[in-house]
Amino acid sequence: MNGTALIIMAKKPIVGSTKTRLCPPLEPAEAALVYEALLLDTIQLCAGIEGIHLAVAVTPPDAVGYFEKKTPSGTVLLPVDCPDIGHCLQQVIGQLLEVGYDKVIALNSDGPSLPAACIFQAVNYLDQHDLVLGPGEDGGYYLIGLKRLYTDLFRGIDWSTPQVLPQTVSKIKALGIDAAVLPYWYDIDTWDDLLRLKDELGRLPLEALPNTRRFFSGYKSLLLES
């Protein structure tokens with residue numbers, strides 16, 4: 001099998017454990033709805049990119065049924081049960097490379113305003129480089145693409161901290177990997193991030209991020225009070 005696999009690192013929205021940093025001012029159920037909107041718009045973004053095979057890393061593993069209803073026909077669903085995101089990345093990237101994809105790109109599920117051009121650029125960079133990295137403004141990364149698996153990249157990283165990006169860059173240099181870097185981007189973790197996305201929607205085409213727009217329209221008064 002040749003080609004590029006684009007895998008979204010996703011979780012099923014669960015009230016009380018999803019996007020808890022948005023609470024308050026949101027209620028736990030509202031935070032779960034926010035994430036579901038971001039997730040669905042990310043799926044829509046990726047499904048619209050020609051020339052790639054869409055995959056989703058499913059957490060928890062028993063949420064496959066949920067994602068079957070939310071993803072296009074033909075999407076590869078990979079259940080994962082890992083102690084941290086690093087183990088999950090290593091597992092799913094390794095699986096897809098092992099079945100024969102030339103390139104595997106992993107993307108987060110909560111930054112759906114990322115321009116599609118960045119994903120196209122990631123695919124193109126892998127024609128000339130061994131790795132592509134999309135640095136996040138919060139000190140992590142929103143995208144990583146590989147043509148072969150470097151397991152050390154995902155070990156000894158302080159996941160979910162601002163140290164993820166610098167530690168990963170240090171490993172890339174230490175391993176001598178030829179890497180390319182995409183523009184910085186942001187995901188939605190905090191209330192300020194959510195308000196930033198609301199403002200960004202005003203500059204995007206009206207058809208962009210329909211699920212996120214529906215969420216904002218339902219909670220307009222709450223957002224206006226902030």
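Reply: The model is predicted, with residues numbered from 1 along each chain as its sequence is written, and side-chain values use heavy atoms, leaving out hydrogens and water. Local features need pLDDT of at least 70 and side-chain atom pairs count only at pLDDT 80 or more, while totals for chains, interfaces and linings use all residues.

Me: What makes a space a pocket, and how much space lies in the largest pocket?

Reply: On a 1 Å grid over the protein atoms alone, a pocket is an open set of points with protein on both sides within 12 Å along at least five of seven lines, whereas in a cavity a 1.4 Å probe fits but cannot get out. Grid points are joined across faces, edges and corners, and the volume is the space filled by probe spheres set on the points. By that rule the largest pocket holds about 1,300 Å³.

Me: Which residues count as its lining?

Reply: A lining residue has an atom within 4 Å of a point. The largest pocket has 44 of them, and Lys11, Asp110, Ser160, Asp187 and Asp189 lie nearest its centre. Elements giving two or more residues to this lining include β1 (4–11), α3 (85–98), β4 (103–108) and β6 (141–146); helices (H or I, at least four residues) and strands (E, at least two) are DSSP runs, numbered from the N terminus.

Me: Why is β6 called largely enclosed?

Reply: Buried means under 20% relative accessible area, with a 1.4 Å probe and protein chains only. In β6, 6 of the 6 residues are buried, so the strand is largely enclosed by the rest of the structure. For β1 the count is 7 of the 8 residues, so β1 is likewise largely enclosed.

Me: How do you know that β6 pairs with other strands?

Reply: Pairing requires that DSSP finds at least two bridges between two strands. β4 and β6 are antiparallel and joined by 4 bridges, with Ile105 opposite Gly145. β5 (residues 131–135) pairs with β6 over 5 bridges, also antiparallel, and Leu133 stands opposite Ile144.

How values were computed. Buried < 20%, exposed > 50% of the residue type's maximum accessible area, 1.4 Å probe, protein only.
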